[in-house]
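Q: Please take a close look at one part of this protein. Walk me through it in short steps.

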Amino acid sequence: MALSMGGNSIINVSIPNKNILYASYMPFVTDGGLFVRTHKKHNLGDEVFLLIDLIDEEEKIPVTGKVVWISPVNQGSRVQGVGIQFSPADSAKAKEKILKYLAGLLEGNTQPTFTM
């Protein structure tokens with residue numbers, strides 16, 4: 001779900017399991033990032049505020065970031081959405097929690113993701 005606030009967006013992201021987290025996480029992005037399913041139009045460089053509801057975490061993880069990837073509609077089997085690069089100031093906590101859940105899944109895994 002995305003809300004707009006003066007040109008910036010607030011996006012609530014629900015990641016219920018490791019499979020969705022693996023498909024959404026963008027480890028190739030500096031400071032980490034997540035692909036977010038959305039039908040809302042974004043442009044590269046747009047600033048966004050994510051509230052990530054991550055698997056078993058008791059509280060949502062707030063992260064600011066910017067759009068670095070866009071998968072528009074009509075891209076074959078690709079899911080429509082945007083890739084958000086975490087801001088350096090907010091990335092540590094989000095990355096730490098994401099990598100905890102993905103421990104052992106990233107190395108050598110060739111399963112497709114929402115971006116690659």
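A: Start with a term: a contact means heavy atoms within 4.5 Å. The model is predicted, so local features need pLDDT of at least 70, side-chain atom pairs count only at pLDDT 80 or more, and totals for chains, interfaces and linings use all residues. Residues are numbered from 1 along each chain as its sequence is written, and side-chain values use heavy atoms, with hydrogens and water left out.

Now look at helix 2, residues 91-101. Helices here are DSSP runs (H or I, at least four residues), strands are runs of E (at least two), and both are numbered from the N terminus.

S91 sits in this helix. S91 is buried, because its relative accessibility is 7%. The cut-offs are these: buried is under 20% relative accessible area, exposed is over 50%, and partly exposed is in between (1.4 Å probe, protein chains only). Leaving out residues up to four places away in sequence, S91 touches D31 and F86.

A nonpolar core is a set of buried Ala, Val, Leu, Ile, Met, Phe, Trp, Tyr and Cys residues joined through side-chain atoms within 4.5 Å. The largest one has 22 residues. F86 and I98 are among those with the most contacts inside it, and so is L34. Helix 2 supplies at least two residues of this core, as do helix 1 (18-24) and strand 3 (33-37), among others. Strand 4 gives the most, with four residues.

L34 touches both F86 and I98. Its other contacts include L21, I52 and V82, again not counting residues up to four places away in sequence. A second, separate core has five residues, among them A23, M26, F35 and F114.

A salt bridge is a side-chain nitrogen of Lys or Arg within 4 Å of a carboxyl oxygen of Asp or Glu. The structure holds two. In one, E57 pairs with K97, and the closest N and O atoms are 2.9 Å apart. E57 lies in the loop between strand 4 and strand 5 and K97 in helix 2, so this pair ties together parts 40 residues apart in sequence. E57 is buried, at 16% relative accessible area. K97 counts as partly exposed, at 21%.

E57 also meets K100 in a salt bridge (3.4 Å, N to O). K100 is in helix 2 too, so this pair ties together parts 43 residues apart in sequence. K100 is exposed, at 52% relative accessibility. Shared partners join E57, K97 and K100 into one network.
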